[in-house]
Amino acid sequence: MPVLGQNQYGKAETRVVRVARAGERHELTDLTVSVALSGDMTDAHLVGSNAAVLPTDTVKNTVYVLARERGIDSPESFAAELARHFVDAQPTVRGAVVDVAEHRWERLGDHSFARAGQDTRTARVTFDGRALQVLSGLTGLTVLNTTDSEFHGFVRDAYTTLAETTDRVLATEVTARWRHTAEEPAAVAAADWNADHAAARERLLAAFAGTYSYSLQQTLFAMGSAVIEQLPGVAEIRLSLPNKHHFLVDLSPFGVANETGDGAVYHAADRPFGLIEATVLREGAEQRIPVELTRL
Ligand SMILES: O=c1[nH]c(=O)c2[nH]c(=O)[nH]c2[nH]1
């Protein structure tokens, strides 16, 4: 007899845009919200009874009503409020995972905006009826150093052709998730998630730019460490760093030298790419950010 395993359901990727008007100057918040609920859903799968199922349509409506009525202070606080709502209000719902992606807009004027082509801020809040696990994050943050990057001394075997280098372009598109020690609903509600996120993002960028790198692995650890050191409320951070390879183009068929230095010309390859991933922990902290979550 087949047996039902882990299951969850909800509404994925509800797009919610909220406009706050304080006089002439408007504020725009643009989110994609995904909700996954779990609980007593065995009968829905096994015998077709929906008696425990809050419709996903209702889940979507709830996102809109909460956005309207309580506002959106931060992705983290909005996700926490939603997660608590479903678990606290529905006896058949025992757990909720709420994912939020915030799309950035640049201000053009009091009521005009341009979609910013930069990174997306993310939050994932998980609630089990007692503790809130809050993961902040970002994705799509593309950064590049034109020097201060070496890569040599690596293992060589019969298939190794890579040349050692003491001066290369180092580029990556950062995806990061960091977990907060604050898990009490009151502490989560009181935190300044926007200031916290801005500080973490700034530390990631400063560490990327400021690290003289012998590998992307070393840069990753420096970036994670910078966040752990700056933000006392962060227990761990997981980083996923694709190595966006920049290869010097071979111009020798044209009798043109092309070496590292002034005027060097690179091919920005898109695939395959090296993929460097790791978690950096505060000493004594448990590793709880799911490995497979990082690239979502
Ligand atoms: O920073 C790097 N780390 C690697 O593990 C690696 N492997 C490789 O081919 N190039 C690089 N660069």
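In the predicted model, strands β1 and β2 run antiparallel and are joined by nine bridges. The two strands form a hairpin in which two residues separate them. G23, which lies in the turn of this hairpin, has a positive phi of about 70 degrees. Within the pairing, V19 stands opposite L28 of β2. The segment before β1 contains E13. The phi of E13 is also positive, near 60 degrees, although E13 is a residue other than glycine. Most residues other than glycine have a negative phi.

On its way through the sheet, the pairing continues from β2 to β3. Strand β2 (residues 25-39) and strand β3 (residues 93-102) run antiparallel, with nine bridges between them. Two positions illustrate this pairing. A36 has V97 of β3 as its bridge partner, and S38 stands opposite G95 in β3.

These strands belong to an open sheet of eight strands, ordered β1-β2-β3-β6-β7-β8-β9-β12 and paired antiparallel. The edges are formed by β1 (14-22) and β12 (274-281), each of which pairs on one side only. On average, and with direction ignored, neighbouring strands of the sheet are turned by 20 degrees against each other.

Helices pack on this sheet in several places. Helix α2 (residues 56-70) lies across β1 and β2, and its direction makes about 15 degrees with that of β1. Helix α5 also packs on the sheet, where it touches β6, β7 (132-145) and β8 (170-180). The direction of α5 is at about 35 degrees to that of β7.

Helix α5 has a helical neighbour as well. Two packed helices are described by the angle between their axes and the distance between the axes. For helix α5 (residues 193-210) and helix α6 (residues 216-230), the angle is about 145 degrees and the axes are 8 Å apart. The crossing of α5 and α6 is right-handed. On the α5 side, the contact is made by A199, A200, R203, L204, A206, A207 and F208. On the α6 side, T219, A222, M223, A226, V227 and Q230 take part. Classified by side chain, the contact of α5 with α6 comprises ten nonpolar residues, two polar residues and one charged residue.

The protein is divided into two domains, domain 1 spanning 1-130 and domain 2 spanning 138-296. The C-alpha centres of domain 1 and domain 2 are 29 Å apart. Nine residues from domain 1 and ten residues from domain 2 form the contact. On the side of domain 1 that touches domain 2, α3 (75-89) and β6 (120-127) each supply at least two residues. The greatest contribution to this side comes from α3, with four residues. By class, the residues on the side of domain 1 that touches domain 2 are one nonpolar, four polar and four charged.

A ligand is surrounded by F151, L162, S215, L216, Q217, N243 and G274. The shell around the ligand is made up of three nonpolar and four polar residues, with no charged residues. L216 and Q217 of the shell fall within helix α6 (residues 216-230), and G274 of the shell falls within the edge strand β12 (274-281).

The peptide bond that joins R271 and P272 is cis, with omega of about -5 degrees. Most peptide bonds are trans.

Key: Residues numbered from 1 in each chain as written. Predicted model: local features only at pLDDT ≥ 70, side-chain atom pairs only at ≥ 80, totals over all residues. Domains from an automatic or database assignment. Contact = placed C-beta atoms within 7 Å. Nonpolar A, V, L, I, M, F, W, Y, C, P; charged D, E, K, R; others polar. Near = placed C-beta within 6 Å. Axes fitted to C-alpha atoms, helices over the stretch in contact; angles between N-to-C directions. Left-handed = near helix turned anticlockwise from the far one by under 90°. Pairing = 2+ DSSP bridges.
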